[in-house]
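Subject: Structure handover

Hello,

Here is the structure I promised to pass on. Please open it beside this email and follow along.

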Amino acid sequence: MKEKNIVIIGAGYAGVHAAKKLAKKYKKDPSVSITLIDRHSYHTMMTELHEVAAHRVEPDAIQFDLRRLFNRTKVNLVTDNVTHVDHDKKIVTTELGSFPYDYLILGMGGEPNDFGTPGVAEHAFTLWSFEDAIKLREQIEKTVQRAARVHDEKTRRAMLTFTVCGSGFTGIEMVGELIEWKNRLAKDHKLDEEDITLYVVEAAPTILNMLERRDADKAEAYLVKKGVKILKNAPIVEVKQDAIILKSGEEIPTHTLIWTAGVKANSDTKDYGMSSGRAGRLKVNEYMESEDFEDVYVIGDLAYYEEEPGKPTPQIVEAAEQTGMTAAKSIITEISGGEKEAYQGKYHGVMVSIGARYGVADLSGLHLSGWFANFMKHIVNLYYFFGIRSGYYMFQYVMHEFFHTTDKRNIFRNFTTRYGNVLWSIPLRIFVAGFWLVEAGAKIWGESTWKEATSSFSNVPKLFNGLGEDSWLVGSTVRMPFEWLQTATSGASEAAEATEWATPILSRMPGIFQWFMEIVLPTPEMAVFMQKMMVFIELGIGLAILGGLFTWLASAASAGFLVMFTLSAMLGWDKVWAIPASIALMNGSGRTLGLDYWVVPFLQQKAGDLWYGKPRSIYTDYQKASSKKGDRKKVS
């Protein structure tokens, strides 16, 4: 067979899927070569750009190296800029070389469409690439940082106003992330969260027009509840450096406009000599083949194919993947024979995340909102990695989304975060809590009763028959091994029994502890009281550790008592493991599946505000001093 060269331009969703399909088909066929050209050495997960822009995840979370995606495949990777496509000679020219092709796939995607609005190119921030996300993130952080030092209220308010133009997927997901990020921004720069204002400006009379109204209305209600100001029927006619002008003439002071109003075809293709449709997208037939040139295929957002009259393929990930697969199958048919398959879009729904913990989704008629919608979005993203056969990046996605986030910015809030390293201590916490509860139970019911009742499930009801005679809570007999125990009991038989029980323990007790006990517990009455108190202390430690309430204090008490009990021979050395286990639990272990998740931050905030007052970015105590001074003058 004559050698066939397949060249793919663009490593987006569509390009990667096409390359994967072709590489799998011709894995063992040396007569077919596949070259993937992109200006970057990585594939960007475009649907998660807003997470990077709003500092939910780090940049590498959405950047997938092409070598990791195509290692051990026959795909040749080229990082370069395409400068020209010669359809007559079938050569793709880049800045550093040229590549002949028999079949060409164009998958360069789209770019933001400013519709010729004055000032957008100069002053607005877009969100259509990895670089855009980094640039926007830096703009927001630096703007808030500068605003925190500005005294002029008008300027300060404009700097802390962030405006999103457009209410599609990108715009709403971006403002959703800002809702959750603004708390951290305010805290880091000693501002009130209310100082930061968020706008969504939409030219249409409704938002999220790709959704059914009931889903869109839920999203809108959530945004309004979170304080987002939504302006509808409000086209932007001019963008200034510090304000935007609406068609109505209203001016909104803002130093950061995020433009997500539309998408058009990649401008690199304007010189390719191909027919274009709406927004500059290149026209193709049902096999994703160019209407102008044979053996040239267009996929993803760049392709314009009307599935129904006036209804082109949507610019969504599912469509990109499916157009890529259709083009790959068409080329396989050309090379290997068979009948081409026409494109048939199979879309399973749409999902919009509004921050990490809320979203709306329509999955083939199944309408979801809140936690479940965002959960399904994660499932879809994980399935995407399955589709491109990348277990490595599937694992990385899970780590970034569920274990590396902060400020409760994932669907499980902070319960799964690794930053406290506490998730994996839950089994240990339960084990240590169980140790203390067993110790307390044996003392409450008495060793013999407890042992019998816990020997099997059928005997558990015996715990409800009352306390045993050897319970630490019954009578006034001292059951702790202190030296005066030998003479503290009332009867001779009791004294002899106590002496027989205590002597072997006392012989192992360090002298310093005997001395300490004599000072702390000078009388039998005090010993009996402390004996009963110890039961409740052990029970309290166990319950606190189990429930994750004040876990640091409970774990510290656990370690302290265990050291004392072990060295005083009240506890066998076989249980010394509980000491390092208790110390390990002092690392905030109650903040995962524990009450400390809510209690500790609440107490920290209240105590801090009460003792220190509320931190501010700008202090104006001199105004108070001047006011007091003026009051004194009036009085005098």
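Start with one residue. Which residues does Thr-117 touch, not counting those up to four places away in sequence? Bear in mind that this is a predicted model.

Thr-117 touches Ile-236, Val-237, Glu-238 and Trp-259. You will find Thr-117 in the loop between strand E10 (110–112) and helix H4 (120–123). Its relative accessible area is 12%. The cut-off for buried is under 20%, so Thr-117 counts as buried.

Now the whole chain.

The chain has 636 residues, and 48% of them count as buried. Its secondary structure comes to 21 helices and 27 strands. Look at contacts between residues at least 6 apart in sequence: 66% of these join residues at least 24 apart. The accessible surface is about 31600 Å². Carbon and sulfur atoms account for 56% of that surface.

Next, the cores.

In soluble globular proteins, nonpolar side chains tend to be buried together. Here the largest nonpolar core has 110 residues. Leu-22 and Leu-106 have the most contacts inside this core. Helix H7 (residues 169–188) provides the largest share of the core, 8 residues. A second, separate core has 15 residues, including Ala-433, Phe-435, Ala-578 and Leu-585.

Stay with Leu-22 for a moment. Set aside its neighbours within four places in sequence. Leu-22 is then in contact with Ile-6, Ile-8, Ile-34, Ile-105, Ala-328, Ile-331 and Ile-332.

Phe-415 and Phe-403 are 12 residues apart in sequence. In space they are 8.9 Å apart, C-alpha to C-alpha. Leave out residues up to four places away in sequence, and Phe-415 touches Leu-423, Arg-591, Thr-592, Leu-593, Tyr-597 and Trp-598.

On to the pockets and cavities.

The second largest pocket has a volume of about 1400 Å³. It is lined by 39 residues. Closest to its centre are Asn-183, Arg-184, Lys-187, Asp-407 and Gln-605. Which helix gives the most to this lining? It is H20, with 8 residues. H20 spans 596–612, and both H20 and H7 supply at least two lining residues each.

How many cavities of 30 Å³ or more does a search of the whole structure find? It finds 2.

- The largest cavity has a volume of about 40 Å³. Its lining includes Glu-48, Glu-51, Arg-56, Ser-353 and Tyr-397. Helix H10 (residues 371–387) gives the most to this lining, with 4 residues. The lining has 2 nonpolar, 5 polar and 4 charged residues.
- The second largest cavity holds about 40 Å³ of space. Among its lining residues are His-123, Val-239, Lys-240, Ile-244 and Leu-257. Strand E16 (243–246) and strand E18 (256–259) each supply at least two lining residues. By class, the lining has 4 nonpolar, 5 polar and 1 charged residues.

Last, two backbone angles to check.

Most residues other than glycine have a negative phi. His-55 has a positive phi of about 60 degrees, although it is not a glycine. Where is His-55 found? It is in the loop between helix H2 (49–53) and strand E4 (63–65). Its relative accessible area is 26%, so His-55 counts as partly exposed.

Lys-90 also has a positive phi, of about 55 degrees, and is not a glycine. Lys-90 lies in the loop between strand E6 (82–86) and strand E7 (91–94). Is Lys-90 buried or partly exposed? With a relative accessible area of 24%, Lys-90 is partly exposed.

That is the tour. The structure is now yours.

Best wishes

How values were computed: Residues are numbered from 1 along each chain as its sequence is written. This is a predicted model: local features need pLDDT of at least 70, side-chain atom pairs count only at pLDDT 80 or more; totals for chains, interfaces and linings use all residues. Side-chain values use heavy atoms; hydrogens and water are left out. A nonpolar core is a set of buried Ala, Val, Leu, Ile, Met, Phe, Trp, Tyr and Cys residues joined through side-chain atoms within 4.5 Å. Buried means under 20% relative accessible area, exposed over 50%, partly exposed in between (1.4 Å probe, protein chains only). Contact means heavy atoms within 4.5 Å. Accessible areas come from the Shrake-Rupley method with a 1.4 Å probe; for residues, only the protein chains shown count as cover. On a 1 Å grid over the protein atoms alone, a cavity is a set of points where a 1.4 Å probe fits but cannot get out, and a pocket is an open set with protein on both sides within 12 Å along at least five of seven lines; lining residues have an atom within 4 Å of a point. Grid points are joined across faces, edges and corners, and a volume is the space filled by probe spheres set on the points. Ala, Val, Leu, Ile, Met, Phe, Trp, Tyr, Cys and Pro count as nonpolar, Asp, Glu, Lys and Arg as charged, and the others, Gly among them, as polar.
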